[in-house]
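Biologist: I am new to this structure. Please take me closely through a single part of the chain, and then show me what lies around that part.

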Amino acid sequence: MHDASSTARADQSNAGALVQLQRDARGVFTLNLNDPARFNALGSSMLAALQAAIDTVAADATARVLVLAAQGRAFCAGHDLKEMAADGSLASHQALFARCSRMMLSLQKLPVPVIAQVQGMATAAGCQLVAQCDLAVASEAASFATSGIRYGLFCATPSVPLVRNVPIKKAMEMLLTGDFIDAATALDQGLVNRVVAPEALADAVEALVLSILDKPRTAVAMGKALVYQQRELGIEAAYQLAGQTMAVNMQDADAREGVEAFVQKRQPGWRAGA
């Protein structure tokens, strides 16, 4: 188990920040959205804080996993519509969506898996944030919507990861109606991996973390990058890229150790920190 006391100390040290970033001795980062009064909306300050935190994880060569969680009743209510209305210029909105898209792409570009720990409502760009993560575990109390259409604003940027998670007709129903789906429906449609009772949420995420930590960091990083790259290619190019990735992966010391351990019918011994 990880060191709960060090996590508690980290919570106290940045308790007033818009995001709380913690790292435990295993290289597991936890990034908490910490603006519950505004339902963790993605205003300019929140986006900047998120980007800085993600950049910190990206710069840590010993990072293994990032858990993205939130404080309060909502996971994330999407963009701050009040802030958007205060400056209605095209240039302002273009800059806002560019910053948000950069942050979302930064999650995908991280060499470690990102797990969304969804305890409550995730709407619009908040739903996008869940879809952008590599894995997602939701509380039974969570709900999801791309609700911008209710206010005359089609959730265009949230549609990008949504249609890469959810079958197109299900995604279109969410995007065109703005209606909420519950956690069980999100699981059935592929938006989340697991749904658990609220009190079991942290333990369910920890179980995924432990399974990932049991695998070599290099293979996980290469695999994550490959999956997202090949998804955008035609099938022949995808196979070419995948084959090259596997060939390079096989040159890694941990891959050789894993194959030898299989042949010798023993548990592999990964490199320290790998």
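Modeller: Arg-271 sits in the segment that follows helix H12, residues 253-263. Keep in mind that this is a predicted model.

Now its neighbours. Leaving out residues up to four places away in sequence, Arg-271 touches Thr-218, Asp-252, Ala-253 and Asp-254. With Asp-252 there is a polar contact, side chain to side chain, at 3.0 Å. For a sense of distance, take Ala-77. It lies 194 residues from Arg-271 along the chain, and the two C-alpha atoms are 41 Å apart.

On the H10 side, the contact is made by Ala-219, Met-222, Leu-226, Gln-229 and Gln-230. H11 brings Ala-238, Leu-241, Ala-242, Thr-245, Val-248 and Asn-249. Of the residues in this contact, seven are nonpolar, four are polar and none is charged.

Last, confidence. The mean pLDDT of the protein is 91, and 94% of its residues reach 70 or more. Residues 4-13 have pLDDT below 50. Beyond near neighbours in sequence, that stretch has six contacts in the model.

Key:
Residues numbered from 1 in each chain as written. Predicted model: local features only at pLDDT ≥ 70, side-chain atom pairs only at ≥ 80, totals over all residues. Heavy atoms only, no water. Contact = heavy atoms within 4.5 Å. Helix = DSSP H or I, 4+ residues; strand = E, 2+ residues; numbered from the N terminus. Nonpolar A, V, L, I, M, F, W, Y, C, P; charged D, E, K, R; others polar. pLDDT = per-residue confidence, 0-100. Polar contact = N/O pair within 3.5 Å; in protein donor to acceptor, adjacent residues only side chain to side chain.
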